[in-house]
Amino acid sequence: ASSLGPRNQLVAMVRAIVLFHVEYRTLAIVSNAEVHVLDPELAKPSMDLRDQSVQLLKDVLERGLQLKEFNFLDLTLTMTVIASLGARVANWYTPDFHLSADEVADQIAGIACRIVGAP
């Protein structure tokens with residue numbers, strides 16, 4: 001993925017986040033809501049994975065800014081909003097939704113691109 005431009009990397013990341021949260025809805029809901037109550041040692045693998053994902057998103061967004069492909073004001077706020085778009089899918093998506101999981105992933109990736117100012 002590193003040979004892709006920042007926009008394509010962002011699309012791939014957002015699609016992966018959305019599709020994971022659609023496929024593993026219960027796991028995502030429970031881990032996002034309850035990881036703080038786990039013993040730190042038990043929570044560590046989940047938190048490490050979350051930290052790696054956040055760092056990947058940060059790297060893509062910073063690269064997009066450096067290459068002037070993205071235009072947004074605050075990195076932390078932008079990262080939080082984009083990550084939340086994908087993670088919250090687990091709370092409302094069901095197979096009965098009027099769009100398929102892939103269609104939802106595509107549309108949310110498009111929304112993320114608009115958030116960062118990438119057409």
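Predicted model: local features only at pLDDT ≥ 70, side-chain atom pairs only at ≥ 80, totals over all residues.
Biologist: How do the lining residues divide into nonpolar, polar and charged?

Modeller: The lining of the largest pocket divides into 14 nonpolar residues, seven polar ones and two charged ones.

Biologist: Switching to packing: at what angle do α1 and α4 pack?

Modeller: Helix α1, residues 6–23, packs with helix α4, residues 75–87, at an angle of about 40 degrees, and their axes are 7 Å apart. On the α1 side the contact is made by Leu10, Val14, Ile17, Val18 and His21, while α4 brings Ile82, Gly86 and Ala87.

Biologist: Staying in α4, is threonine 78 buried or exposed?

Modeller: Threonine 78, which lies in helix α4, is buried, because its relative accessible area is 8%, and buried means under 20%.

Biologist: What is threonine 78 in contact with, leaving aside its neighbours within four places in sequence?

Modeller: With those neighbours left aside, threonine 78 is in contact with Leu61, Phe72, Ile115 and Val116.

Biologist: Now the aromatics. How many aromatic pairs does a search of the whole structure find?

Modeller: A search of the whole structure finds four aromatic pairs. One of them joins tryptophan 92 and tyrosine 93, whose ring centres are 6.2 Å apart and whose planes stand at 70 degrees, so this pair is edge-to-face.

Biologist: And what about tyrosine 93 with phenylalanine 97?

Modeller: The ring centres of tyrosine 93 and phenylalanine 97 are 5.8 Å apart with the planes at 55 degrees, so that pair is tilted. Trp92, Tyr93 and Phe97 form one aromatic cluster.

Biologist: Why is tyrosine 93 called buried, and where do tryptophan 92 and phenylalanine 97 stand?

Modeller: Tyrosine 93 is called buried because its relative accessible area is 5%, and the cut-off for buried is under 20%. Tryptophan 92 counts as partly exposed at 38% relative accessibility, and phenylalanine 97 likewise counts as partly exposed, at 29%.

Biologist: New topic, the loop between α3 and α4. What stands out about phi of lysine 68?

Modeller: Phi of lysine 68 is near 60 degrees, which is a positive value in a residue other than glycine. Lysine 68 has its place in the loop between α3 and α4 and is exposed, with a relative accessible area of 75%.

Biologist: Leucine 67 too, where is its place?

Modeller: Leucine 67 also has its place in the loop between α3 and α4, and at 46% relative accessibility leucine 67 counts as partly exposed. From C-alpha to C-alpha, leucine 67 and serine 46 are 32 Å apart in space, and they are 21 residues apart in sequence.

Biologist: Last one: what is aspartate 102 in contact with, beyond its neighbours within four places in sequence?

Modeller: Aspartate 102 is in contact with Arg15 and Leu19, once those neighbours are left aside. Aspartate 102 lies in helix α6, residues 101–115, and is partly exposed, with a relative accessible area of 41%. Although aspartate 102 and alanine 16 are 86 residues apart in sequence, their C-alpha atoms are 10.0 Å apart in space.

Terms used
Residues numbered from 1 in each chain as written. Heavy atoms only, no water. Axes fitted to C-alpha atoms, helices over the stretch in contact; angles between N-to-C directions. Helix = DSSP H or I, 4+ residues; strand = E, 2+ residues; numbered from the N terminus. Contact = heavy atoms within 4.5 Å. Nonpolar A, V, L, I, M, F, W, Y, C, P; charged D, E, K, R; others polar. Buried < 20%, exposed > 50% of the residue type's maximum accessible area, 1.4 Å probe, protein only. Phe/Tyr/Trp six-rings, centres within 6.5 Å; stacked < 30°, edge-to-face > 60°.
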